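Thanks for passing this one along for a second pair of eyes. Please have a look at the fold yourself before reading on.

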Amino acid sequence: MLLPAGREQKLLFLFLITFKKMSKIKSVKAKEILDSRRKPTLKVELQTSLGKFLALVPSGTSKGKYEAAELASKIAIKNVNKIIGPKLRGKDPIQQKEIDQFLIKIDGTKNKHHLGANAILGCLLYTSPSPRDLSTSRM
């Protein structure tokens with residue numbers, strides 16, 4: 001097996017191997033936070049055997065006709081806590097493509113207006129691990 005060349009790539013590789021071994025989501029919970037413009041948005045917490053991983057969802061300002069639907073933060077939080085979180089429990093958190101397709105299927109709409117693009121994004125951000133996750137997101 002070949003290791004990636006750079007230090008960051010090696011850390012990411014080791015993180016992914018470790019993450020893959022535990023590979024089960026224990027819980028997913030969302031809470032409301034305020035963004036830099038003091039607008040309500042989401043913080044999504046993923047709990048695994050390695051610890052807690054956080055995703056802070058940016059709130060968008062563009063409203064194009066093909067834009068994915070951003071729900072009010074309280075509704076998106078409810079969707080994460082009551083619908084998405086329980087359905088992700090037990091899944092492999094490193095399988096971003098499968099989780100993405102699963103969430104799109106559960107939503108069932110073209111512009112994600114059932115679950116909310118912000119709820120879906122929060123549940124996908126933590127499945128894209130990077131070396132900084134080892135030091136900043138793990139609690």
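Here are my notes, from the whole chain down to single residues.

1. **Ground rules.** This is a predicted model, in which local features need pLDDT of at least 70 and side-chain atom pairs count only at pLDDT 80 or more, whereas totals for chains, interfaces and linings use all residues. Residues are numbered from 1 along each chain as its sequence is written, and side-chain values use heavy atoms, with hydrogens and water left out.

2. **The chain as a whole.** There are 5 helices and 3 strands in the chain; both are DSSP runs numbered from the N terminus, with H or I over at least four residues for helices and E over at least two for strands. Along the sequence, the pattern reads α-β-β-β-α-α-α-α. Of the 139 residues, 38% count as buried, where buried means under 20% relative accessible area, exposed means over 50%, and partly exposed is in between (1.4 Å probe, protein chains only). The accessible surface of the chain is about 8600 Å², and 56% of that belongs to carbon and sulfur atoms; these areas come from the Shrake-Rupley method with a 1.4 Å probe, and for residues only the protein chains shown count as cover.

3. **Contacts along the chain.** Among the contacts in the chain with a separation of 6 or more, 60% come from residues 24 or more positions apart. Contact here means heavy atoms within 4.5 Å.

4. **The sheet.** The 3 strands make an open sheet, ordered β1-β2-β3, with antiparallel pairing. Its edge strands are β1 (27–34) and β3 (51–56), each of which pairs on one side only. On average, neighbouring strands of this sheet are turned by 25° against each other, direction ignored. Axes are lines fitted to C-alpha atoms, for helices over the stretch in contact, and angles run from 0 to 180 degrees between N-to-C directions. As a reminder, strands of a sheet pair through backbone hydrogen bonds, either parallel or antiparallel.

5. **β1 with β2.** How many bridges join β1 to β2? There are 8, and β2 covers residues 40–48; two strands count as paired if DSSP finds at least two bridges between them. A30 has V44 as its bridge partner in β2, and L34 is opposite P40 in that strand. The hairpin of β1 and β2 has 5 residues between the strands, and R38 there takes a positive phi near 65°.

6. **β2 with β3.** This antiparallel pair is held over 6 bridges. The β2–β3 hairpin has 2 residues between its strands, and T48 finds its bridge partner in G51 of β3.

7. **Helix α2.** Residues 73–88 form α2, which lies across β1 and β2 and runs at about 165° to β1. Do look at V80, where a kink of about 40° is centred; the bend at a residue is the angle between axes fitted to the seven residues ending there and the seven starting there. The buried residues of α2 include A76, I77, V80, I84 and L88, and its buried set packs against β1, β2, α3 (96–107) and α4. After α2 comes G90, with a positive phi near 90°.

8. Is N79 buried or exposed? N79 counts as buried because its relative accessibility is 9%, and beyond neighbours within four places in sequence it is in contact with L71, I84, H114 and L115. N81 also has its place in α2, but N81 counts as partly exposed because its relative accessible area is 31%. Not counting residues up to four places away in sequence, N81 touches V28, K29, A30 and P86. A polar atom of the N81 side chain lies 2.7 Å from the backbone nitrogen of A30.

9. **Helix α4.** α4 (residues 117–125) lies across β1, β2 and β3, at about 35° to β2. This helix is mostly covered, with 7 of its 9 residues buried; among them are N118, I120, C123 and L124. Its buried residues pack against β1, β2, β3, α2 and α3.

Methods
Polar contact = N/O pair within 3.5 Å; in protein donor to acceptor, adjacent residues only side chain to side chain.
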